[in-house]
Amino acid sequence: MSPAADPATVLSAAPERSAAAERAETLFTESFGYAPDGVWSAPGRVNIIGEHVDYQDGLCLPMAISHRCFAAAARTPTDRLRVRSAQSEVVLDIDARELAPGAVDGWPSYVAGVLWALRSYISGASTLGMDIMIDGQVPLGAGLSSSAALECATAEAIEALLSLGTGPLDRVRAAITAETEFAGASTGGLDQSASVLSREGHALFLDCRDLSTRPVPWDLAAQGLALLITDTRAEHSHVDGEYTARRADSERAAELLGVPTLRDAGGEDLEAQLARIDDEVVRRRTRHVLTEIRRVEEFDALLGAGTVREHVAGLGALLDASHDSLRDDYEVTVPALDAAVDAARAAGAHGARMTGGGFGGSTIALVEADQAQSVAGAIAQEFSARGFGAPEFFLALPSEGAGQDR
Ligand code: ADP
Ligand code: MG
């Protein structure tokens, strides 16, 4: 069977943005019985390079994807916060003045958490009541950050409804606070920065030390290239424990090197620094973080020196090196991630790597646009041959961050 005929290799494109916003508006009207004041949205993201360095004040290079979360919303003359989603049966109806960490269960905590996180911008006199209908396209739990898309779309809606006067970075911080302090999940801030601050046709250079960012030209479509995302659908297992262990290893490394974070260890010769760490495992973890930060700098330098097309071989090699480091030194890959990457490379990708936290989730491959289908077919065949469940494929184009749709 040709890969194109295999249903497993269908590339799911995101629904067109204006049609999706209209759908969210209709869902709101059907659900609440009146028309919303507006529709706002925010995208999911992939990290192109710079993995497992955010918590060591490192550098990363995410981009927003075409899949977005939409929030149709209206202000009401009450203090009730009512929240619904087209993707869940669970609804929320709560006094907005009683929001506190622990007060909301399940997915609505990501939405309520944003209102709570923005409380210092809210004047005492006004009512806080609002109705919010969520309609998301970002696949949930695939490592493409549906949670940040949900929070950031909500933050845009709340800003507009309550005229709070927040700037984009305030909303990034509110979304992070919502996820960490209110929903009780851990996040480093990469997802929310990418979801709010990304520009169409660009990647986002992000310095995790101070969350400062700048757009970097990354116009794949104009150059006949594409980023193929493979959601391996491999079960995430032991993620929390392993994540905590990696963080602890990297903190131990910084301590051994006598620096506040591994970002500060950049200056000296790499081998000389690694030689100062006796523990073999901690040494390998350190090598990943230090070399990964350098890879982001090199990737950024290549993009600054010419087009993606001109440097496609060098950029691909950096993606490959990032994956190999995450597999061998940081040990956060699983067989399905390695298989997707190996198959993509063998099928002609310029470079491929896991993206996100690892232990499951997604991979990316930088491919010729007209080869995306055949690379996806090769990955699907490899998964089938190895007895893995069918993966899901997406084509990612660097998209615009959060904003108003209607
Ligand atoms: P990821 O951000 O990689 O998709 P997370 O576990 O961080 O994975 O976030 C997924 C969670 O976010 C879901 O389990 C759900 O609670 C919430 N979520 C995201 N999008 C939606 C949506 N459209 N409707 C309801 N809940 C959502
Ligand atoms: Mg998330």
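**A buried threonine, then the ligand site**

Analyst: Thr154 has a relative accessibility of 0%, so Thr154 counts as buried. Keep in mind that this is a predicted model.

User: Which helix does Thr154 lie in?

Analyst: Thr154 is part of helix 3, which spans 146-162.

User: How far apart are Thr154 and Ala402, in sequence and in space?

Analyst: In sequence, 248 residues separate Thr154 and Ala402. In space, their C-alpha atoms are 9.7 Å apart.

User: On to the ligand. How many residues surround ligand 1, and which are the closest?

Analyst: The count is 15 residues around ligand 1. The closest are Ser85, Gln87, Gly141, Ser146 and Ser147.

User: Which element gives the most to that shell?

Analyst: Helix 3 does, with three residues. Strand 6 (130-136) and helix 3 each supply at least two residues of the shell.

User: What's the make-up of the shell by class?

Analyst: Seven residues are nonpolar and eight are polar.

User: What about the backbone of Gly143?

Analyst: A backbone N or O atom of Gly143 lies 3.3 Å from an oxygen atom of ligand 1.

User: How much of ligand 1 does the protein cover?

Analyst: On its own, ligand 1 has 570 Å² of accessible area, and the protein covers 77% of that.

User: Which pocket is that space?

Analyst: Ligand 1 takes up the space of the largest pocket.

User: Switching to backbone geometry. What is phi of Ser145?

Analyst: Phi is near 65° for Ser145, a positive value in a residue other than glycine. Ser145 is in the loop between strand 6 and helix 3.

User: Is Ser145 buried or exposed?

Analyst: Buried, because its relative accessibility is 7% and the cut-off is under 20%.

User: And Ser163, what is its phi, and where is the residue?

Analyst: Ser163 also has a positive phi, about 45°, although it is not a glycine. Its place is in the loop between helix 3 and helix 4 (168-182).

User: Buried or exposed, for Ser163?

Analyst: Exposed: Ser163 has a relative accessible area of 61%, and exposed means over 50%.

Terms used. Residues numbered from 1 in each chain as written. Chains lettered and ligands numbered in written order. Predicted model: local features only at pLDDT ≥ 70, side-chain atom pairs only at ≥ 80, totals over all residues. Heavy atoms only, no water. Near = heavy atom within 4 Å. Polar contact = N/O pair within 3.5 Å; in protein donor to acceptor, adjacent residues only side chain to side chain. Areas by Shrake-Rupley, 256 points an atom, 1.4 Å probe, with all protein chains shown as cover. 1 Å grid on protein atoms, 1.4 Å probe; cavity = no way out; pocket = protein on both sides within 12 Å on 5 of 7 lines; lining within 4 Å. Sits in = over half its atoms within 2 Å of the grid points. Helix = DSSP H or I, 4+ residues; strand = E, 2+ residues; numbered from the N terminus. Nonpolar A, V, L, I, M, F, W, Y, C, P; charged D, E, K, R; others polar. Buried < 20%, exposed > 50% of the residue type's maximum accessible area, 1.4 Å probe, protein only.
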